[in-house]
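This report walks through selected helices, a ligand site and a few individual residues. Keep the structure in view while reading.

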Amino acid sequence: MTHGVPQALDHVARLAPYVPGRPIEDVARELNLDPASIVKLASNENPRGPSAKVIAAIAAAATDVTRYPDGYGYHLKEALATRLGVTPAQLVLGNGSNDILELATMAYLHRGDAAVYSQHAFAVYPLATHARGAKGIEVPAKDFGHDLPAMRAAITPETRILFVANPNNPTGTWIAPATLEAFIASIPREVLVVLDEAYNEYLEPADRADSVGWVGRCPNLVVSRSFSKAYGLAALRIGYGVMNETVADMFNRVRQPFNVNAIAQAAAIAALADTEYLEASRARNREGLAQLYAGLTALGVPYIPSHGNFVLVKVGDAAAVNHALLLQGVIVRPVASYGLPEYLRVSVGLPAENERFLAALKSALGR
Ligand SMILES: Cc1ncc(COP(=O)(O)O)c(C=O)c1O
């Protein structure tokens, strides 16, 4: 019993807080390293950052921060609606796509309800579920990916949400469009399916599902996307969800009135228009993955081939290897909390950063 402060809700006190990738400044301070010498490959950001056009849009928007932003996000929704072939009323903007995941649980999960998700899937699904006092049903993974038939079988009468990540973080696994479409169509309409496509833009066009197109046929489907990854805007916190208009109306009732700031909205509009930059980011990522695969293979280190901008690498004693990497100024992501204590997740960096990681790993493993 804690004295002196009010007691929080039991299910909140039981939550294990999310552990983010460590910031460069933090590691520099702790290990007395020059921040400029540190390579961070721990949070699946786009190492190229946003394009010059986007930086210009951010600078322009930064001159007018006196007024509240457009809480509805008119211009960004118009741009997204045109691009995606949906109505603006089917769109909900989020403070990162994380916000969309949270809004889903706020609008659809009650104490005593349940949400289904896969083992080794994104950490926010259990976190957001448990934050509502709801029960998480974690379905054992199959070959590190989602076991879809087992997930469908895990649905109980209490289940209100089912989360699917495609591609999945941290495993990088991917579900083929036809398989995913049949799966989603088979889920009872009372269950909201949240299809998390934070890494969608890193997929090759041929591997991308027409998930937004499925929303018309599946009114229980929410597709969430992010500007944090391929678009390079992680610090601005902006994402969106595409869904049935009635579902969007429910999400809008529980979101903060001004959940997405004006600079983020302006940046996202510019980023969406800069298709060339996005394609180049995808190409650079493909090359970076090839570079990492080649280096890992040369070191004899197993990895899971990825459809995202990161690779799950099997290093054995991951905590020790992670520490040895940190001492060399390389920040990657331990994933023991995902039930993967022998693995580290490494984001694809610039070629020189990937090289730094591979050299540091070689030394950490004594090879
Ligand atoms: C699978 C997945 N979904 C959602 C997110 C949330 O990203 P953001 O809130 O930055 O859009 C992440 C971030 O790492 C992720 O990996």
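Start with helix α5, residues 97-108, in this predicted model. At 1.5 Å a residue, its 12 residues should span 16 Å, and the end C-alpha atoms of α5 are 17 Å apart, so the two values agree. The buried residues of α5 are Ser97, Asp99, Ile100, Leu101, Leu103, Ala104, Thr105 and Tyr108.

**The ligand site**

Ser97 of the α5 range is also one of the residues around the ligand. By class, the shell divides into three nonpolar, six polar and three charged residues.

| Residue | Protein atom | Distance to an oxygen atom of the ligand |
|---|---|---|
| Serine 97 | backbone N or O | 2.7 Å |
| Asparagine 98 | backbone N or O | 2.9 Å |
| Tyrosine 199 | polar side-chain atom | 2.7 Å |

On its own, the ligand has 400 Å² of accessible area, and the protein covers 93% of it.

**Asparagine 166**

Asparagine 166 sits in the loop between β5 (159-165) and α8 (177-185). Is asparagine 166 buried or exposed? Its relative accessibility is 3%, so asparagine 166 counts as buried. The side chain of asparagine 166 reaches the backbone nitrogen of isoleucine 175 at 2.6 Å. Leaving out residues up to four places away in sequence, asparagine 166 touches Thr173, Trp174, Ile175, Leu180, Leu195, Asp196 and Glu197.

**Helix α11**

Now turn to α11, residues 262-273. At 1.5 Å a residue, the 12 residues of α11 should span 16 Å; the end C-alpha atoms lie 17 Å apart, which agrees. At the start of α11, a side-chain oxygen of asparagine 261 comes to within 3.0 Å of the backbone nitrogen of isoleucine 263. Ile263 is itself buried, as are Ala264, Gln265, Ala267, Ala268, Ala270, Ala271 and Leu272. What do the buried residues of α11 pack against? Their partners are α3 (52-61), α4 (74-84) and α12 (275-299).

**Threonine 82, in α4**

Helix α4, one of those partners, holds threonine 82. With a relative accessibility of 65%, threonine 82 counts as exposed, because the cut-off for exposed is over 50%. A polar atom of the threonine 82 side chain lies 2.8 Å from the backbone oxygen of glutamate 78. Threonine 82 and valine 346 are 264 residues apart along the chain, and their C-alpha atoms are separated by 35 Å.

**Glutamine 291, in α12**

Helix α12, another partner of α11, contains glutamine 291. Why does glutamine 291 count as buried? Its relative accessibility is 19%, and buried means under 20%, so glutamine 291 falls in that class. The side chain of glutamine 291 reaches the backbone oxygen of proline 351 at 2.9 Å. Pro351 is also in contact with glutamine 291, along with Asn354, Glu355 and Leu358, when neighbours within four places in sequence are set aside. From glutamine 291 to methionine 106 is 185 residues in sequence and 41 Å in space, C-alpha to C-alpha.

Note on methods
Residues numbered from 1 in each chain as written. Predicted model: local features only at pLDDT ≥ 70, side-chain atom pairs only at ≥ 80, totals over all residues. Heavy atoms only, no water. Helix = DSSP H or I, 4+ residues; strand = E, 2+ residues; numbered from the N terminus. Expected span 1.5 Å × (residues − 1). Buried < 20%, exposed > 50% of the residue type's maximum accessible area, 1.4 Å probe, protein only. Contact = heavy atoms within 4.5 Å. Polar contact = N/O pair within 3.5 Å; in protein donor to acceptor, adjacent residues only side chain to side chain. Near = heavy atom within 4 Å. Areas by Shrake-Rupley, 256 points an atom, 1.4 Å probe, with all protein chains shown as cover. Nonpolar A, V, L, I, M, F, W, Y, C, P; charged D, E, K, R; others polar.
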